[in-house]
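Please consult the sequence and the structure alongside the text.

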Amino acid sequence: MPTRTVVVGSASGLHARPAALFVAAAAKQPVQVTIRTGDKKPVPARSMLSVLSLGAKKGTEVTLEAVDGDLAQAAVDALADLLERDLDADDA
């Protein structure tokens, strides 16, 4: 399973606008991706409530994991790249 750990770059962490942008991007991926912090249970990246429940702040390490598939690594990489950016400052 493709896995990648990244540090949340948004000033407000995964809250409000950054979380909404992340969940929308996850929903567009062709494979299911999960996200977790530390040793917590992974949650679906497509679920706004689940992502918010992580309580990930700026600087928090999160781990993304996708089910195996042709586009799994690309999905993980795209979402990881998004999380590393400060989505509060971006015009995205």
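The points below treat the sheet, the helices and selected loop residues in turn.

The model is predicted. Its 4 strands form an open sheet in the order 1-4-2-3, with antiparallel pairing. Helix 3 packs on the sheet, and the axes of helix 1 and helix 3 come within 10 Å.

**The sheet**

- Strand 1 (3-7) and strand 3 (43-44) stand at the edges of the sheet. Each of these two strands has a single partner strand, so one side of each is left without a neighbour in the sheet.
- Strand 1 and strand 4 run antiparallel and are joined by 5 bridges. Within this pairing, Arg-4 stands opposite Leu-64 in strand 4.
- Strand 2 and strand 4 also pair in the antiparallel sense, over 5 bridges. Here Ile-35 has Leu-64 of strand 4 as its bridge partner, and Thr-37 has Val-62 of strand 4.
- Strand 2 and strand 3 run antiparallel and are joined by 2 bridges. In strand 3, Pro-44 is the bridge partner of Thr-34.
- The hairpin of strand 2 and strand 3 has 5 residues between the strands. In this hairpin, Gly-38 takes a positive phi near 55 degrees.

**The helices and their packing**

- Two packed helices are described by the angle between their axes and the distance between the axes.
- The axes of helix 1 (residues 17-27) and helix 3 (residues 72-84) come within 10 Å and cross at roughly 170 degrees. This crossing angle makes helix 1 roughly antiparallel to helix 3, because angles over 145 degrees count as roughly antiparallel.
- Helix 1 contributes Leu-21, Phe-22, Ala-25 and Ala-26 to the contact, and helix 3 contributes Leu-79, Leu-82 and Leu-83. The residues of this contact comprise 7 nonpolar, no polar and no charged.
- Pro-18, Ala-19, Phe-22, Val-23, Ala-25 and Ala-26 are the buried residues of helix 1. Viewed down the axis of helix 1, these residues fall within an arc of 160 degrees, so they line one face of the helix.
- An α-helix has 3.6 residues a turn, so residues three or four places apart point the same way.
- The cover over the buried residues of helix 1 includes strand 2 (33-37), helix 2 (48-53), strand 4 (61-66) and helix 3.
- Phe-22, Ala-25 and Ala-26 are among the buried residues of helix 1, and they also take part in its contact with helix 3.
- Where helix 3 packs on the sheet, it touches strand 1, strand 2 and strand 4. The direction of helix 3 makes about 5 degrees with that of strand 1.

**Residues in the loops**

- Ala-16 lies in the loop between strand 1 and helix 1. Its relative accessibility is 42%, so Ala-16 counts as partly exposed.
- Most residues other than glycine have a negative phi, and most peptide bonds are trans. Ala-16 has a positive phi of about 50 degrees although it is not a glycine.
- Gln-29 is placed in the loop between helix 1 and strand 2. With 16% relative accessibility, Gln-29 counts as buried, because the cut-off for a buried residue is under 20%.
- Apart from neighbours within four places in sequence, Gln-29 is in contact with Arg-46, Ala-75, Ala-78 and Leu-79. Of these, Leu-79 also belongs to the contact of helix 3 with helix 1.
- Ala-56 lies in the loop between helix 2 and strand 4, and at 4% relative accessibility Ala-56 counts as buried.
- Apart from neighbours within four places in sequence, Ala-56 is in contact with Val-8, Gly-13, Leu-14, Thr-37 and Val-62. Among them, Thr-37 and Val-62 are bridge partners.
- From C-alpha to C-alpha, Ala-56 and Ala-25 are 17 Å apart in space, and in sequence they are 31 residues apart.

How values were computed
Residues numbered from 1 in each chain as written. Predicted model: local features only at pLDDT ≥ 70, side-chain atom pairs only at ≥ 80, totals over all residues. Heavy atoms only, no water. Axes fitted to C-alpha atoms, helices over the stretch in contact; angles between N-to-C directions. Parallel < 35°, antiparallel > 145°, perpendicular 65-115°, else oblique. Contact = heavy atoms within 4.5 Å. Nonpolar A, V, L, I, M, F, W, Y, C, P; charged D, E, K, R; others polar. Buried < 20%, exposed > 50% of the residue type's maximum accessible area, 1.4 Å probe, protein only. Arc of directions from axis to C-beta. Pairing = 2+ DSSP bridges.
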